[in-house]
Each structure stands twice: as structure tokens, then as C-alpha cells.
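Hi,

Here is the structure I promised to pass on.

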Amino acid sequence: MAIIFEDPGFASEHPAAAGLFITDLDGTLLSSERKLSAAARSALERLGRAGVVRVVATGRSLFSFNTVAAADWPVDFVIFSTGAGVIQRPGERLVRRVDLENAALRTAFDALCALGLDVMVQRPVPDSHLFGFKAQSRSNPDFERRLSLYQRFVFPLDNDIAAFGPASQLVAIVPAAEGPRALAAVRAELPGFTVIQTTSPLDGRSMWIEIFPPEVSKSRTAAWLAAKLRIPHARTASVGNDFNDLDLLEWTRERFVVANAPRDLSLRFPTVASNNDGGVAEAVERWLAQKREATSREERV
């Protein structure tokens, strides 16, 4: 189902690390104005001084990530397209890429079309900002807005998806009221795929249903990176704000959600301040304090 590329040399070149800290991007690390605050930057720099590997994990494509990220951000790795790609920074050394092979793509595409959903199919990373689309509903403003934003990079799909080749992912965009029913139907039709729910970053209401090969998710890619860098699971932490962070939050040893996260998440995980009020900085401080306390206990024993 998947085609996997890995750079075999990057891990041996990376210094030994004291831990792995992973933050979501939009609504978590970035403010509502999509800026990196001084507090967030300082917290990331503090992690670096402590020998912790700093990772941003985002659903954005690499192209989209680079529209908001500066080259001098104190970040070591970026997990982008929800785990379909990983780059090392500074620079953009691609260290992992996972493609959905065409046979699996056809299966997923046909299932989404049979459900009457509006579908986008994205090229393999690092070019996943290029995508084909098939619209089936009469009105879907969020779908139409994404097409407008990427109008230079999109093209209509005909009925022969076999000509597309491999893909990084499929996205079905569904109005909020129809989301839960559509999500359940997609998961029932595609049990062998990774199916992830996220709230639209455009209108803040619509549901985006993202389909990947089973090897792709934020948590699976984070686990791969931790293993390559020889970082024990006990030294991992994450912070997020939405349902597409759920598997990552469940995987890391310590986890936090910002105060602007949906209530379902804030009831499940420790909550820090909102993305506009230093939530990531608070999560970093709390995690480092926990690490200091654990070290102190070990020394007393």
C-alpha cells in the first residue's frame, strides 16, 4: 500500500539527545495571527540548550509550512503532511517520505466518490501542495475556498484515477453538520487506511477527513523519528490543539493541550494556556520541571 523512502545517514549524524518535544503548529505553536511569539521562541531555544530534539508536527504541506515559518526558527525536524514527510532543519533535508501507491489510491478514491464526498488527491511530498480534485456536492464553501487558495496548483480529476500515479494523501472536506456521519462511513469503508479527522483551518467548522497509508500519522512518524535518534519513549512529550493531534498525544509519555482545544480533548489531557497566551512555553516549563523532579528522585534513590 505504501512506498517508503528513508535517508539512512541522518540519524548517525545527529548528536545524542536528552528528549523529544513535539508541538503542533496552527492553533498551538503559532498565535491566531500565525506568528511565532517571543515566548514560544524562547521556550524552543531553552529546549535546545537542554539537549532536547525539537519537532513541529503539522498537517500542512511543506510548501504551506514555509509560508509561515522562518529559516531561523529553533526547530530540528518538521513532520509535515501529517507524517507523510519529514525534513531536518536548518535546511530542508528530506529524511523520510511515504507515498500511497496507486492501487491503494484507487481504492480510497472510489470509496470516497461512492459516498458522494468532495475529494482532493495530493501529489507525493515534497510537492503535496499540488492536487487534483473532484467536486460532487452542490455547495461546499470550505472546499471551494481551498480550491481558490491553491488555484495555481490544482487541476480537475477525471474518472480514471489510475493515471494519477502515487499520492501523499486524499482529503474529503465535509460541512460540519455532516462530518460525524461521513467520518464513520469513511472509516467503515477504508479499515486498512489511516483516517484522520481535523477541523478546517479555513472556516474553523468544516471537517477535513484525511486518508493516508497505514504507516502515516503524527504518532507513527514521531515513533519512527524517536527510534532513529535512539530517544526512549519515556523522554517524549507533545502539545496539540485538535483531533488530528489525538494519536500523537496518546503516544507521547507526557502530553498537553492548549486551552483553545476542543472540550473533548481538554477533558482528556492536561491543559496549558491558549496558543495566544504562551501555551507551548508553559508546556515546555512543566515538562522540564517534571524531568528535573524525576532526575532528583533517581539521585535520591
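In helix α7 (residues 179–189), the buried residues are Gly179, Ala182, Leu183, Ala185 and Val186. Around the axis they cover an arc of only 165 degrees, which puts them on the same side of α7. On the other side of α7 you'll find Pro180, Arg181 and Ala188 exposed. The buried residues of α7 pack against α5 (102–114), β10, β11 (194–199) and β12.

A few terms before going on. Buried means under 20% relative accessible area, exposed means over 50%, and partly exposed is in between (1.4 Å probe, protein chains only). The arc is that of the directions from the helix axis to the C-beta atoms. Helices (H or I, at least four residues) and strands (E, at least two) are DSSP runs, numbered from the N terminus.

This is a predicted model, so local features need pLDDT of at least 70 and side-chain atom pairs count only at pLDDT 80 or more, while totals for chains, interfaces and linings use all residues. Residues are numbered from 1 along each chain as its sequence is written, and side-chain values use heavy atoms, with hydrogens and water left out.

**Helix α6**

Next is α6 (residues 141–149), where Asp142, Phe143, Arg146 and Leu147 are the buried residues. Looking down the axis of α6, they fall within an arc of 145 degrees, so they line one face of the helix. Pro141 and Leu149 are exposed on the other side of α6. The cover over the buried residues of α6 includes β7 (118–122), β8 (131–134), β9 (154–156), β10 (169–174) and β12 (207–212).

**The whole chain**

Stepping back, the protein chain has 11 helices and 15 strands. Its radius of gyration is 19 Å, close to the 19 Å that the globule rule gives for 301 residues, so the chain is as compact as a globular protein of that length. (That radius is taken over C-alpha atoms, and the rule is 2.2 Å times the number of residues to the power 0.38.) The C-alpha trace spans about 65 × 40 × 35 Å along its principal axes. Of the 301 residues, 53% count as buried. Among contacts (heavy atoms within 4.5 Å) with a separation of 6 or more, 62% are between residues 24 or more positions apart.

**One more residue**

Ser64 sits in helix α4 (residues 62–68). Ser64 is buried, with a relative accessible area of 9%.

Cheers
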